[in-house]
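Grab a pencil and work through these exercises with the structure open beside you. Try each task before you peek at the solution.

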Amino acid sequence: MSRPNLISKLPEDLRVTPNLADYAEQRFAFSWKAAQAELAGLPGGGLNMAYEAVERHAKNGFRDRVAFRFLGTERAREFTYLELSKQTNRFANVLKKLGVGKGDKLFVLTGRIPALYISVLGAFKNGTVVSPLFSAFGPEPLMTRLNLGEAKVLVTTEQQYRRKLEKIRAQLPHLEHVLLVGEADKPAPEVPGTKSYDALMAEASEAFEIVPTQPEDMALLHFTSGTTGTPKGAVHVHGAVVTHWVTGKYALDLHPNDIFWCTADPGWVTGTSYGILSPLLHGVTSIIDEADFDAERWYRILQDQQVTVWYTAPTAIRMLMKAGAAIAKKYTFPKLRFIASVGEPLNPEAVWWGKEVLGLPIHDNWWQTETGGIMIANTPAFDIKPGSMGRPLPGIEACIVENDGRGRVKIIDEVDKEGELALKAGWPSMMRAYLNNEEKYKRCFVGDLYLTGDLAKRDKDGYFWFVGRSDDVIKSAGHLIGPFEVESALMEHPAVAEAGVIGKPDSTVGEIVKAFVSLKSDYKPSEELRLELLGHVRKKMGAAIAPKELEIVPSLPRTRSGKIMRRLLKARELGLPEGDLSMLENSA
Ligand code: ATP
Ligand code: MG
């Protein structure tokens, strides 16, 4: 279906006045220093994530507001800002009593249960560095991360511990304390070599004086998704909270009465920056669903919890699309006013799907584990160009550069020209290091530019368009082909649920384009459909860019965070080594 390439916003599309109402003027007037001054800062000096997110609200008029509503599988549990303050104080006291101090590392390996959120925020209060782990990791990735991060404390559950950690415990030389959280309101049973989280919490005081932290003190260690290779550990500091506040305001447009739902797990940076910190900084209520994805359940949450702002990912949207619009039609979303997505390119088809099925277009935004927060976004006041990631937020300078790969870059001034996306270094949530990999970290910077490793282009209106990761771009007969464009064209065919496109070496043209697609539930693979898809994309893209080969597959390989792994499609196609598979979904 052919659609317009602009979704204009009319005043009646906006239920509240957007925080970023005048893009040019607010960008011009913006300074990080002024933004930081809008946060409280620690009494007596310094900056602490948990003070800004919890403590300052618990002391004022927001104290009785609901901070988190956990939707358990059986019942919901709520924590007001005041309650959250008390619980996080208790946890900070637990750490202190165990002799865990500032700069020590705490890892968390649980589902999305209250103890995860309490221990992360409590650790910040104690100056302890936090690294949340995705609960589906197997023993190998856990051991790598716990050792690389020199974990001193681990908060986990009995099940996780018994299944994955008990047998590797002897190989975790830095790990001094394992705290087991009870399940279903029962304290964890005694397990040798562990302590009871619940018993320690029950004994601890509700009063705690936050350990003074400075903006440059390390706060978080986050591992990247492993889409392009072995995951890297990105170090973030307490000062990042300024970006979390600014981006919650401008990119997610949070207003005090919002009900916000970020579907990302805190094991990934989105789930910490926007599933924990940013909504708290704005004093809003966050919904946290402990259960896994289920289309019907998700629509019900959006409806029954009266979610106003929803932050999700292309992989989830594709799954909802795959499940069909009929399920969505059973629900209504009168309170929903803004939907945003991050993690992978958002195909235009998905933007429109939002408008048609949920009543609102989906707003794509772009950032990375390394950037710590949203950098480029479509915000409520912007007209959307479906397929574009939007424009740089206030405080962010983005450009397109030509990178010779040998430390020389040249800024490309022309519009619509592809090159590497670069950001002017210096925003507060920029990573401060790749843990134990100084050399790789240094290679990300040239002069005052941070090089993202993604290819993009900028149009005449200042919108940025994602082309592909630099590793994934295809060179065919003198053309540079971004997989995203080809995948988006395939997605426009009603049968296609997901598409992954790679370059396959060819002696004549360098590389030919090969596509892998999976089908929506009501379509069956056939040779006829395969040829129809090839014809469809050739008509859209022209013969030079369209795939020469196309294979229908049951599903595409994805990272545990839901991203299509093109490097794996390619390795398998070419019979090459598959590389680091620890982040492959469904791997042990
Ligand atoms: P690794 O660095 O280990 O290969 P990763 O890059 O997938 O994994 P993340 O930091 O979770 O790890 O993801 C950031 C990357 O995700 C970006 O560099 C970009 O390639 C992709 N991405 C995120 N948001 C978008 C978006 N809106 N459009 C296109 N790509 C996006
Ligand atoms: Mg990356």
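A crossing is called left-handed if the near helix is turned anticlockwise from the far one by less than a right angle, and right-handed if clockwise. Helices here are DSSP runs (H or I, at least four residues), numbered from the N terminus. This is a predicted model, where local features need pLDDT of at least 70, side-chain atom pairs count only at pLDDT 80 or more, and totals for chains, interfaces and linings use all residues. Residues are numbered from 1 along each chain as its sequence is written, chains are lettered from A and ligands numbered from 1 in the order in which they are written, and side-chain values use heavy atoms, leaving out hydrogens and water.

**Exercise 1.** Describe how α4 and α5 cross.

*Solution.* 
- Step 1: Find helix α4 at residues 81-98 and helix α5 at residues 114-125.
- Step 2: Their axes (lines fitted to C-alpha atoms over the stretch in contact, with angles from 0 to 180 degrees between N-to-C directions) come within 7 Å and cross at roughly 65°.
- Step 3: That makes α4 roughly perpendicular to α5 (the word covers 65 to 115 degrees; under 35 is roughly parallel, over 145 roughly antiparallel and the rest oblique).
- Step 4: The hand of this α4 and α5 crossing is right-handed.
- Step 5: For contact (heavy atoms within 4.5 Å), look at α4 residues including L84, F91 and L95, which face a set in α5 that includes I118 and L121.
- Step 6: Sorted by class, the contact of α4 with α5 has seven nonpolar, six polar and one charged residues (Ala, Val, Leu, Ile, Met, Phe, Trp, Tyr, Cys and Pro count as nonpolar, Asp, Glu, Lys and Arg as charged, and the others, Gly among them, as polar).

**Exercise 2.** Now do it for α3 and α4.

*Solution.* 
- Step 1: Helix α3 covers residues 49-58, and its axis is 8 Å from that of α4, at an angle of about 120°.
- Step 2: So α3 is oblique to α4.
- Step 3: The crossing of α3 past α4 is left-handed.
- Step 4: A53, V54, E55, H57 and A58 of α3 touch Y81, L82, L84, S85 and N89 of α4.

How values were computed
Helices (H or I, at least four residues) and strands (E, at least two) are DSSP runs, numbered from the N terminus.
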